[in-house]
Amino acid sequence: MEYTVTPHHKFHFNHGDVAIHSAPDSEGKATAYRVNKAVLALNSTVFADMFTLPDADGLHEMDDGVPVVVVTDSEEELSALMQALYEPHTLFSCRFDPETPIRLTPVMKLANKYEMDTIRERAVEAVCRDWPETFEQWARINAEIHSLIDRTPEAAAAVRFARDFNIPSILPAAYYALAHSDRNWHWDSRNVFGNQWRYVRYTRWELLDAIDYKVVLCLRSMLVGKLSNVVSQYTGETNSIPVGPLTVCPSTHSESHATCATGLAEILQRWKENELDLGSMLAEAEGPNPLGLLDQLHRMHTTAEMCGGCKTRLGRHITMYQIALWEQVVLMTETFQEEVQ
Ligand SMILES: [Zn+2]
């Protein structure tokens, strides 16, 4: 097929000593990159081997005085790769950017193909940084995201990236996010609704496959059960705190015991009034988020002063509960992973 070759507007350097020609697009237009053998060879064992062969296939052709390598990769893929090689700061350093997995997908594809281990590692790291592996990381990232309205990682793209490139460590967090995302908030509608709905989690639902949907649905029904456990645990009819150690104030001052009990009752009451209604309302609309609901309980303050021991116990109890929940999310995701393999 006849095609025309146009120099890339950016990655076509006078000092380049090798030309890379992309595959032609549907209109028969290919793109030429003029770059440095040393940079390619340093990052890629495939290119390093190619350049050491005296008369390697594809290097006979010349373009403006330098040898040409014709590849089967698209302009989009090669441009992403050149950006990774020549402008890594623009590609790898954005945190909580919903575009990160999308932008790094062509980079990963070519990094695997040309055996560019460092580039691959940086791309994986850039995606993993936004998705927690442990509950402690989840809590930290969750707190940071709340303060950055427009910079929330997008879970469906992360799931696609994780499954396409075998990075299972980010799946529990991404599936958890999907399990409490409203399926009506589609990624494409984020500009339609404008700033009014900036807090909503928009999702690229079309990137998920049947297995992903199965995980999300199973996770969602498990979390609905957990949500009602969370509620009854702290506001059950029989006892407002059915947790042994929490009911006993460790303070040596006897008058403190009553104050602590009042403080705790007040916290639970306020949580129930402020968050629980909202929590169950959101669970209906979006999906259950027991970790988030427990986070709200953790942040509740009281006017009646509780002793340090009681505050610590309550905080620790909530965290333990959250960690147990997190582990169940991880376990469920892993079970599905095993099924897929
Ligand atoms: Zn106390």
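**Reading a predicted fold, question by question**

Modeller: Welcome! In this predicted model, 31% of the 341 residues of the protein chain count as buried. The chain has 15 helices and five strands.

Biologist: Thanks! What share of the contacts joins residues 24 or more positions apart?

Modeller: Taking the contacts in the protein chain with a separation of 6 or more, 68% are between residues 24 or more positions apart.

Biologist: Which residues have the most contacts inside the largest nonpolar core?

Modeller: They are Val107, Ala123, Val127, Ala158, Val159, Ala174 and Tyr175, in a core of 74 residues. Helix H9, residues 171-179, gives the most to this core, with eight residues. Domain 1 (1-129) and domain 2 (217-340) each supply at least three residues to this core.

Biologist: And what does Tyr175 touch, leaving out residues up to four places away in sequence?

Modeller: Tyr175 touches Val159, Val215, Val216, Leu219 and Thr333.

Biologist: On to the helices. Why are H14 and H15 called roughly antiparallel?

Modeller: Helix H14 (residues 290-299) and helix H15 (residues 308-340) pack at an angle of about 170°, with their axes 10 Å apart. Angles over 145 degrees count as roughly antiparallel, and H14 and H15 are therefore given that name. From H14, the residues in contact are Pro290, Leu291, Leu294, Leu297 and His298; from H15 they are Gly315, Ile318, Tyr321, Gln322, Leu325 and Trp326. By class, this contact of H14 with H15 has eight nonpolar, three polar and no charged residues.

Biologist: What makes H3 and H5 roughly perpendicular, then?

Modeller: The axes of helix H3 (residues 75-86) and helix H5 (residues 100-113) cross at roughly 90° and come within 8 Å. The range for roughly perpendicular is 65 to 115 degrees, so H3 and H5 are roughly perpendicular to each other. On the H3 side, the contact is made by Glu76, Glu77, Ala80, Leu81 and Ala84, and on the H5 side by Arg103, Pro106, Val107, Lys109 and Leu110. The residues of this contact of H3 with H5 divide into six nonpolar, no polar and four charged.

Biologist: Why does Asp64 count as exposed?

Modeller: Asp64 has 12 C-beta neighbours inside 10 Å. The limit for exposed is 12 or fewer, so Asp64 counts as exposed. Asp64 is in the loop between strand S4 (62-63) and strand S5 (66-70).

Biologist: What is the phi of Asp64?

Modeller: Asp64 has a positive phi of about 55°, although it is not a glycine. Most residues other than glycine have a negative phi. Phe96, also not a glycine, has a positive phi of about 60°.

Biologist: Where is Phe96, and how do you know that Phe96 is partly exposed?

Modeller: Phe96 is in the loop between helix H4 (88-92) and H5. Phe96 has 16 other C-beta atoms within 10 Å. That count is between the limits of 12 and 20, so Phe96 is partly exposed.

Note on methods. Residues numbered from 1 in each chain as written. Predicted model: local features only at pLDDT ≥ 70, side-chain atom pairs only at ≥ 80, totals over all residues. Helix = DSSP H or I, 4+ residues; strand = E, 2+ residues; numbered from the N terminus. Contact = placed C-beta atoms within 7 Å. Core = buried A, V, L, I, M, F, W, Y, C linked by C-beta atoms within 7 Å. Domains from an automatic or database assignment. Axes fitted to C-alpha atoms, helices over the stretch in contact; angles between N-to-C directions. Parallel < 35°, antiparallel > 145°, perpendicular 65-115°, else oblique. Nonpolar A, V, L, I, M, F, W, Y, C, P; charged D, E, K, R; others polar.
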